[in-house]
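Here is a short briefing to read alongside the model. Please keep the structure open as you go through the points.

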Amino acid sequence: MTSASRTDSTAPERAVRSSLPALASGSRLAASTLLGALGVRPFRDRVLERRSTLNDTLPVHSKWWRDHSASDGELLYVAIGDSAAQGIGASAPDRSYVGLLAEHAREVTGRSIRVVNLSVSGATTELAVRDQLPRFRALEPDLVTVAIGANDIAQWDSEAFERNIRSIFAKLPAHAIVAELPCFHLRRHERKVAVANRMLRAIAREHGLTVVPLHALTRRRGLRGILTEFANDMFHPNDHGYRVWADAFRPAVSAAAATRVAEDALAGRVH
């Protein structure tokens, strides 16, 4: 939720909001539903209108990433994910965590970066296996990030989640960086997220993959993060929120990028 959305709040909206726990990700929907049930229709209607407006950006962001994937680069960065990787809610596609990490990798390595963003808005782990993995197999990336699974929580199936995560992680190179699911804060969601993250970390260990603490970092943001780091649909991060996501990845990306450059130097592939 942005400061602008707080400015035009009515007193009932502010009262209800102040009684809510800090919410994140899918919990934005719970907040708007509760406010609507309590009769705060203007707030609910604005959320729905803003969500519809952001939905209009889905094809825009998708096309932007497709167009930029054709750019040349000395290093190849490939992202697997959902609407967060697409940058829905950001002021521009490259303000997503993927765009921010690509910029960081350029600074760390001094190399140009080609970004192939395989993510699809609304993707679950099942859809990532079906739609993103086949395209991933044809690539030889120098840097890989994976943030997938948040959309599985709505229709939670622990066996399917584990099966799909195993399928995804089995196809990743050892230098791939995977993220925990972010914090949802509502207890009924957090129980599922805790199970998902335990599975994710265990499977990542089996494959020697680096896991970044996205859940811990988003949880620590608390109420301040909820009020300042979400887009107007109260679901996706805004520019501030995506910087938090990028912060979770940044140390691992720095290490992976530096290692890749060192390997190239040793192999005599200095650009």
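Let's start in a loop: Thr124 sits between β2 (113–117) and α8 (125–136), where helices (H or I, at least four residues) and strands (E, at least two) are DSSP runs numbered from the N terminus. This is a predicted model, in which local features need pLDDT of at least 70 and side-chain atom pairs count only at pLDDT 80 or more, while totals for chains, interfaces and linings use all residues. Residues are numbered from 1 along each chain as its sequence is written, and side-chain values use heavy atoms, with hydrogens and water left out.

**Around Thr124**
- Leaving aside residues up to four places away in sequence, Thr124 touches Ile148, Asn151 and Asp152; contact means heavy atoms within 4.5 Å.
- Thr124 and Gln155 are 31 residues apart along the chain, and their C-alpha atoms are separated by 9.9 Å.

**Helices α9 and α10**
- The axes of α9 (residues 158–170) and α10 (residues 187–206) come within 10 Å and cross at roughly 30 degrees (axes are lines fitted to C-alpha atoms, for helices over the stretch in contact, with angles from 0 to 180 degrees between N-to-C directions).
- That angle makes α9 roughly parallel to α10, a label for angles under 35 degrees, with over 145 being roughly antiparallel, 65 to 115 roughly perpendicular and the rest oblique.
- On the α9 side, the contact is made by Ser158, Phe161, Glu162, Ile165, Arg166 and Phe169, and α10 brings Ala196, Met199, Leu200, Ile203, Ala204 and Glu206.
- By class, this contact of α9 with α10 has 8 nonpolar, 1 polar and 3 charged residues (Ala, Val, Leu, Ile, Met, Phe, Trp, Tyr, Cys and Pro count as nonpolar, Asp, Glu, Lys and Arg as charged, and the others, Gly among them, as polar).

**Helices α7 and α12**
- Helix α7 (residues 97–109) packs against α12 at an angle of about 35 degrees, with the axes 8 Å apart.
- Among the residues making the contact are Leu100, Leu101 and His104 of α7 and Trp245, Phe249 and Val253 of α12.
- The residues of this contact of α7 with α12 divide into 12 nonpolar, 3 polar and 2 charged.

**The cavity lining**
- Leu75, Leu76, Tyr77, Ala105, Ile113, Asp142, Leu143, Ala257 and Arg260 line the largest cavity (on a 1 Å grid over the protein atoms alone, a cavity is a set of points where a 1.4 Å probe fits but cannot get out, and lining residues have an atom within 4 Å of a point).
- β1 gives the most to this lining of the largest cavity, with 3 residues.
- The lining of the largest cavity divides into 7 nonpolar, no polar and 2 charged residues.

Terms used:
1 Å grid on protein atoms, 1.4 Å probe; cavity = no way out; pocket = protein on both sides within 12 Å on 5 of 7 lines; lining within 4 Å.
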